Each structure stands twice: as structure tokens, then as C-alpha cells.
2 protein chains.
Amino acid sequence: MTQSMPAPLDPLTADAAALDAADPLAPFRERFDLSDDVIYLDGNSLGPLPTGAAERIAVVVREEWGEGLIRSWNTAGWIEAPLRVGAKIARLVGAAPHEVVVADSTSVNLHKVIHAALAAQPGRKTILSEPGNFPTDLYLIESAIRTLGKGHQLVLVPREEIAARCDTDTALVLLTHVHYRTAELYDMAAVTAAAHAAGARICWDLSHSLGAMPIDLNAARADYAVGCGYKFLNGGPGAPAMVFVAERHHETLETPMGGWIGHARPFAFEDTYAPAPGIARLQCGTPPVLSLAALEVGVDLMLEADLTQVAAKSRALRERLMARVAATCGPYGAEVIGPPIGQPRGSHVSVAHPSAYAVMQALIARPRRRSTIGDFRVAPSAPARAGVAGSLVESEDAPLAGVMRFGITPLYLRFADVDRAVESIEEVLRTGVWQEPRFQVRRAVT
Amino acid sequence: MTQSMPAPLDPLTADAAALDAADPLAPFRERFDLSDDVIYLDGNSLGPLPTGAAERIAVVVREEWGEGLIRSWNTAGWIEAPLRVGAKIARLVGAAPHEVVVADSTSVNLHKVIHAALAAQPGRKTILSEPGNFPTDLYLIESAIRTLGKGHQLVLVPREEIAARCDTDTALVLLTHVHYRTAELYDMAAVTAAAHAAGARICWDLSHSLGAMPIDLNAARADYAVGCGYKFLNGGPGAPAMVFVAERHHETLETPMGGWIGHARPFAFEDTYAPAPGIARLQCGTPPVLSLAALEVGVDLMLEADLTQVAAKSRALRERLMARVAATCGPYGAEVIGPPIGQPRGSHVSVAHPSAYAVMQALIARPRRRSTIGDFRVAPSAPARAGVAGSLVESEDAPLAGVMRFGITPLYLRFADVDRAVESIEEVLRTGVWQEPRFQVRRAVT
């Protein structure tokens, strides 16, 4: 595999076929079960199926569960899997192998880390984040404050003001490295340094950057991090999540939920809790073996790639998409949001439109080989509406404004895919096909 | 399928072939991928693979994840799965469909329920349980007390004294319906009534009874319950768990971890948490779809069975095993513990022996068709030992005392299996083969 991107080709203007031919990551596409019937631009929400995952899961089910039965906890390495896969993910985030474990969901891991940070600094009462952060991060801070009832407060300030707002009352700064909607990217080292200068700790939610770019938690001196397994890691729907705690905090690390698997001696069945050493104590209950096996396949695949190449190709693909959408779709009311071309950003591109939901439905519904799958995120200013209830967005008369979100995933996306996607977006907007009643709001989960 | 057990045959003395021929549950054995090479008596720790599960998981992986991609959250019903499978489990535990959801692990669900109970009754400071309860239950109470720092206390009293010990300071009684080691069974209705008489709430951990016997949470007026998916429900290793909250508590139900999936409007992406109605708020992060799909197959299979028949066959199988082990293995130092024949108990049988670990290893290692798989649980009085560290029981010179635990799972166990198992136990004990060095303590997870 070539070690560098092809220098002479300009990714904004060169022919897609030439760019794909020169792409050192091109062989990775064959490692996914991806049909050419669709252009999949939602790997930032759910990564596609690695070819090895179906085979691996079948082995886990038929041989390890079916034949090995209970013995597989030992003989198939199930019991070590959370720490084993954690150590692999550590290589993707600049952590030591013993600083990461896979357990539960991103949300549950946030819960652990928030409580750990507050318990470690009982005199500090402020948790700092930004408005519009991914909701679960804010909700779990709210939960911790309510549960503790000790006068903590959640302070939300715009991202530009975070560093300046850190003070001697700040216990924890909790930020998402790449914003789920705008793809804005924090300077992890700089913001971490600002938090530390005020004596505060910081937790980075890596959900939208893990597997999409090089990350170096220890170089930045991060205290805590969590990250998602089912997005860029291609770990399968609802894959378990990672949690990182810097080694310097291990000795005093307190979990709010000491479960038996995180005990120092789980099979001694003692009445009294004694935490396992280090990161292992952030395990709580029995790990979901099937989902964890799928995640490991995705992580192993990601470890074969050079994340510097991944980030370079992400930039080339997304800037090509951004430039072409701006040029061809602007006249129809579509606007690329977030950091402009040339600026650092995450690996997805959001395009605002007054009827973004309907346009996305029309894009997905296009005929074979033109169907373009991204997702929809509601406009942040939209008030809670009666029609948006339960887990589904229900039928409404009014159009649903927001963004179409397109994930740029260099392991399997080709420059030709980007060009086809842009042509589809332009055509859907130009023809107005999205105005057909069947594309108006019914339900959206993605 | 016949609707009643065969009356004329005495399960303690009749020929096993005749008992199996008359067994109305016998056809269920074909619904599992179970080899006749082993006698599997550990379904109380990890249920075997239902034949439908391998096929179902392959469909979820290849079609729903591989082809449906992100669309499957809607089109394949992934988003509704936690409530859908919860409603199915509700039928096994005497709950209304909207009182149960599947989420996270048993331990994480215990954490939610403990905090919910304490938040609902801030003036009461005592949590009552028994010594030797399954450790995770006690550890999570400890965690909640430490996190809150509001003067709560965990009081452990023997099971006979629980009812009398409930008083006006008792916030929560947390008990395991069937004891994981002894198989002792609580009278759910009586103990619940005693807790309520003192104004306390009660949580039943159903991990060792769910799927093994009829349970009626609402008849007993239980407040909370949790239960395990990978034991008698045959939901696969690390299957997600159930949590029940009685409808009368829904309106005021507070979760300590309000995550985005448990929000009233998850896809409105609001900054402020608003709980989803009822039990749905006990979801936190994205559910593990693959593990949940496997669990649903196990639950569907269990719903085909008549739990009264299951409980009757469990009694017949276990009392046959208990009587024969007592008769043939007593001279070799083996002792059946827990409630005696004729008394109500859970669906596993524990046999104490001074070298229980080695005997169990020798049983598992027997040749094909005689290999008998149960598990080992350390003696409760055993102190924490240097050799019992991490997640494994490491090599020791001294024998490891405790119990051999045999799970009685009527959907796939035959009377002939029980007889073969007892013959194996007797032979291993009589010949002393367990004294070979290879069976001495090395590692035990199960």
C-alpha cells in the first residue's frame, strides 16, 4: 500500500476516476459488504457491515455460544474482550492499552465519567459545556446534578468562550470533539490546557471523531474520554462504547456503579465491593458478547488503516463535496454549514435547507445506483413540537427545516461516489421532486 | 401438545425413558442446537443457542445491517425493539406490556432502580438486603450510598428476618427472588406486603427465576424488578436485561441517567432533558441491536412454553437429581444444599464438596456423551485470597471448596440427562479422578 496521498492531483478539480485510481485506501472498500445500489453517506451514524463481521459473528454464535457454551467465557476469551478491544481502541486515540475499556453505551460511560470527575473534586460545582452539544452529554450532566443535589450547576457557553470561562469552580469541562451537526472541531490540546490551567478536568466525547482522524488523548493530557463504536469504527448497530481514563487518575477513580464484573475478584462473590485495578473497574455488568465481537472486527479493520491517510482522504472527499454542493445546489436554497473549505473540521458535511427532511427522503428514494443515504438533523432553533413525540418524528403539515448530514468515510467512499451524490442532490433540488407528498415528514429516526 | 404432566409416573423412581416419553415439553429440545456430546447443566448461567437464533442473527447482520444500513432503525423495527421485547417479557413476569423495557445489563438496571427508589423517598435512609445476595446487587447499593453521600445505610439481615426488619426508615428492600447459590426462593407476595406495610418499596432481582417459573409481579404488587436475559431466557452471552417499574410509579419515576434514547423527543435534539413517558425513560443510550435480536428469539421461544409445565418439570428433574446425588454421592462427601425435596426452590441444585472446583473440572472433562457441564461457586465463607484475582481464579495449591451448581432447564433437559449426570458425578467421586493435578484450580469464570 502506498504511504502517501498522490500529490499532483487536485481533489477539488481532478477527474474522480483518476483520484480513485491514486487512492492508497481504495482496497479497503472490498472489505465491506456495500452494494453499489446506494451511495452510503451515513457511516457517521451507522457504519456498514465489514465482510469479516458476518463470518465472525456466525462463528461466535454457532461455535462459541452453540458448541462452547459456558466454557467460552474462558476458552474463547469472552471475559477478556472488554479490555482486549479497549487496548486496541487505545491505539486509535493515543492512549495506553490499560487506559481504555469497552463497556455499555456512550451514554452510560458518560454517566460514569461525569460522576467520577465530580467525586474527585467535591469543592468545585460547575460543569462546563456548550449549548447544542450532543443532547445525551447535556442530559447526563443534568441527571448527575439532580441525583447529587449538592448545588452543582451546568453552564453552557459558546465554544469560543469555553477556555476563558474555566475557573476555580469548574470541576469538569465536557465537550464533543467534533460537533454532531456542524462538524466543528475543537483544538483538543488547547482547550484541555485551558481547563487544566483553571484546575478543572476535561472529558472529550469522541463519538464523531473516533476512527475518522488521528487523536492523541495523552499528548493533549486529556483526563477522560468516551467514544462510540457504531459510527466510524463500523462496529454494528448499538455496538458497545469505549471509555478512557488517564492513568494518573486510576488510583482514585470512583465509579458511580460498581458492578460485579468491575470488582477486584468477581468470582470470589464477596459481599463488599472492592474495585478492580484501573480502568477495569468501569465495567459494570456482563458484557454483550455478540455486539462486542462485531465491534472487534470493525476495530481490527480500522487498525489496518493509516489514520493520517484517512484524515487526508476525508478532507479531499469532503471539500470536493462542499465545493460542488455550494456551486450547484446553492441556487436552490441549500447551504453548506460549519467550517469552510480549508479549515479543520470533522468528517461529515451538513447542508441546511428549509425542507431538509423531505429532500433527504427524496435522495434516499432515488432509483438504484442513485439512491443517496445521508440523514437529517432538525434545526437547533426548532422548538419542541407536538408532532415530534416518542421515538419518531410524526406526520406534520409544515416542512421540517434542518440539515442533511453526509458522512465522509474514507475506508469505503470513492471520489466517484461523491460526484454521484452531488449530482443526485442537485437533481432532487432542481426538479423539486422532494415536494411530492410521499417525502414530507412522516418518521425519521436516523 | 398435552396440557398436563403425566400423573401416574413418579419422577423420583420411574424409568427415565418413560418419563421423557410422557413429557409435554419434550419437543422443545429440538429447538436448540444442543449436542448429545455433553450434558448441559449450566443453562442457569448461559442458556444454549436456540436454533432460530443463529438464523435470525444472520438475517439481522447481512440484511438489516448489511443491506438496510441506517434505514433499519425504522424499517426493521430496531428503535422499537427495547419496548417490543420488554412487552414480551412482561408476559413472563405478570407485568403490563408498558411496564417492562429491555436495556443495558442487569447491573446497570439495578443502578437505575436503586436511585429511583431513593429519590422517591428522600426521608428514608435504609436499604435492606441479605448477606450473600448476588454481589452486584450489594455493590450497586454501596455505590449509590457513596455517590449520594446523604447518610443512607445498607442493612444486611438473614432472609428470615427481612420482613420483621422493615421499618419507617426503610426506603428499599432489594432481594434476589431465587438465590444464585442455594436456590432458596422468597415468597414474593409475602415479603412485598411486609415491605409495603412499613411504607418501603421493594425491588426483585429475577435473574435466577425469570423463565424458570411463573412470576406475577403485579399480583405481588412489586414496585421494581430487574432480570437477566442470558440465563433461562436463552438470549445469548451478555444479552441485555429487563427492568420493570409498576405503572403507579411511572409518573414520578426518576432515572439517575437520563440519556438521549430515553428522552421524550430524542430526535428533536433539545438541550434540556424531558423524560419519555413511563418505562421508556429507563433506556439511556443506543441499544445493542445484535444482542437484542438474539434475546428476542429466546424470549419468543420461551413464550411458546407453559411456565406452569416448566416449573412442574423443573421440580421433577431437580428432585430426581437431588435424591440420586444424595443417595449415591453422599458417601464421597457431596452434600445437596438449599431447600430439601418437597420444598419450593429455584431451578438449580447446588452440591457442596470440599474440592468442588476440581470435581466440576473432572466432570466437564469426561469423555464424549459423559461430559457434564455445570459450574462452580466458591464457598461463601471463603476469605478473599491472593490467588483469586482479576477476572480469573488463578492456580492455588489448596483445593477450592464451594458448590457444584447444576442448572435445571426443562425446555431441553431430559430425565435421561439427569440420570447420566448423576452417574457421572458418582463415578468421578468414586474413582477420585478429580484428584489428578490437571483438575486442580487453574481458572474459573463460569
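Biologist: What makes strand β9 (residues 335-336) of chain A a partner of β10(A)?

Modeller: 2 bridges join β9(A) to β10(A), and the two run antiparallel. Two strands pair if DSSP finds at least two bridges between them. The count of 2 therefore meets the cut-off. One bridge sets A:E335 against A:A352 in β10(A). This is a predicted model, where local features need pLDDT of at least 70, side-chain atom pairs count only at pLDDT 80 or more, and totals for chains, interfaces and linings use all residues. Residues are numbered from 1 along each chain as its sequence is written, while chains are lettered from A and ligands numbered from 1 in the order in which they are written.

Biologist: How many bridges join β10(A) to strand β15 (residues 402-407) of chain A?

Modeller: There are 6, and these strands also run antiparallel. A:V349 faces A:F406 in β15(A). Strands (E, at least two residues) and helices (H or I, at least four) are DSSP runs, numbered from the N terminus.

Biologist: Why is β10(A) called largely enclosed?

Modeller: 5 of its 6 residues are buried, so the rest of the structure largely encloses β10(A). Buried means 20 or more other C-beta atoms within 10 Å of the residue's own; 12 or fewer is exposed, in between is partly exposed, and C-beta atoms are placed from the backbone.

Biologist: What are the domains of chain A?

Modeller: Domain 1 is 16-51 + 305-439, and domain 2 is 79-304. The bounds come from an automatic or database domain assignment. Their C-alpha centres lie 28 Å apart. Contact means C-beta atoms, placed from the backbone, within 7 Å.

Biologist: How do you know how chain A relates to chain B?

Modeller: Chain A is laid on chain B by a turn of 180° and a shift of 0.0 Å along the axis, with an RMSD of 0.0 Å. That is why the relation is called a two-fold axis. The copies are superposed by least squares on the C-alpha atoms of residues with pLDDT of at least 70 in both. Both copies use the same surface: 100% of the contact residues of chain A recur in chain B.

Biologist: How many residues of chain A are in contact with chain B?

Modeller: 81 residues of chain A touch 82 residues of chain B. α2(A) gives the most on the chain A side, with 9 residues. That side has 45 nonpolar, 24 polar and 12 charged residues. Ala, Val, Leu, Ile, Met, Phe, Trp, Tyr, Cys and Pro count as nonpolar, Asp, Glu, Lys and Arg as charged, and the others, Gly among them, as polar.

Biologist: What is the order of the open sheet in chain B?

Modeller: The order is β2-β8-β7-β6-β5-β3-β4, 7 strands with mixed pairing. β2 (100-103) and β4 (153-156) of chain B are the edge strands, as each pairs on one side only. Inside the sheet, β3 (residues 126-129) and β5 (residues 170-176) of chain B pair in the parallel sense over 3 bridges. There B:I127 stands opposite B:L172.

Biologist: Which strands does helix α5 (residues 106-120) of chain B lie across?

Modeller: β2, β5, β6 (201-205), β7 and β8 of chain B. The helix runs at about 170° to β7(B). Axes are lines fitted to C-alpha atoms, for helices over the stretch in contact, and angles run from 0 to 180 degrees between N-to-C directions.

Key. Contact = placed C-beta atoms within 7 Å.
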